[in-house]
Structure formats: C-alpha cells, structure tokens
Amino acid sequence: MNYYRRKLPHIQVRGGEYFVTFRLKGSLPKHIIRELKEEQKKFREKLKTNSVSRSEKKAFDRQVFLMYDESLDFCETGPVWLKSPAVAKAVQEAIHYRNGKQ
C-alpha cells in the first residue's frame, strides 16, 4: 500500500478500485464556493484555538466534501461540456489511458 500527500492524502491499495470526481470551472456559483471556503476557514480557526480530535477533523473533511458534492448535484448553472459525446469520449480516454499501465 502506498501513501502520499499533495493537497489531500492519497492511499493506493494494490488492486483497489477508485473514483474520480471532475468539476468544470464555473460549475458551481461563486457564492457557494465562498460559503464553503468560509466554513473551512472557520474550522481552521477552531483548530488553532481548540484541541480537535482526529475523528472530528475527519468528520469535518467528509462534511465539506459532501457539501461540494451535493452542490454539484443540484447546480443548474455552469458549463455542460461533458454532454457533448466528443468531449465525453476524450475525457473517458484520458481517464483510462494509464489503466493497466501503472
């Protein structure tokens, strides 16, 4: 099992299955992004002043992910490029490019 960290921690399990979420720029209204970033900022401030357990941090990270995910599900604005069969095919090929190679 490999573990590495960039913006988020990543764990790679040999033979594991993974999912990828794509978000096109402009797919979320700016006011939603501002609200979500403000929630994250408040939590970071709480981290500085209070002792927060690892499970509380994990629960908060999960909550933020779900807020973004739900916002994307119900958003009716933004680009819809993936509805184009040609664009969807190009993205599909890019995703599968390394399949079985790495």
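# Pairs and the rules behind them

A search of the whole structure finds 3 salt bridges. The model is predicted: local features need pLDDT of at least 70, side-chain atom pairs count only at pLDDT 80 or more, and totals for chains, interfaces and linings use all residues. Residues are numbered from 1 along each chain as its sequence is written, and side-chain values use heavy atoms, without hydrogens and water.

User: Why is the contact of lysine 57 with aspartate 61 called a salt bridge?

Analyst: The rule asks for a side-chain nitrogen of Lys or Arg within 4 Å of a carboxyl oxygen of Asp or Glu. Here N and O are 3.0 Å apart, so the pair qualifies.

User: What makes lysine 57 partly exposed?

Analyst: Buried means under 20% relative accessible area, exposed over 50%, and partly exposed in between (1.4 Å probe, protein chains only). Lysine 57 has 35%, so partly exposed is the class. Aspartate 61, at 38%, is partly exposed as well.

User: Why are phenylalanine 43 and phenylalanine 60 called stacked?

Analyst: Rings of Phe, Tyr and Trp (its six-membered ring) pair if their centres lie within 6.5 Å; planes under 30 degrees apart count as stacked, over 60 as edge-to-face and the rest as tilted. These centres are 3.9 Å apart and the planes meet at 5°, so the pair is stacked. Both residues are buried.

User: What makes this pair a tie between parts of the chain?

Analyst: Helices are DSSP runs (H or I, at least four residues), numbered from the N terminus, as are strands (E, at least two). Phenylalanine 43 lies in helix α1 (residues 30–49) and phenylalanine 60 in helix α2 (residues 54–74), so the pair ties together parts 17 residues apart in sequence.
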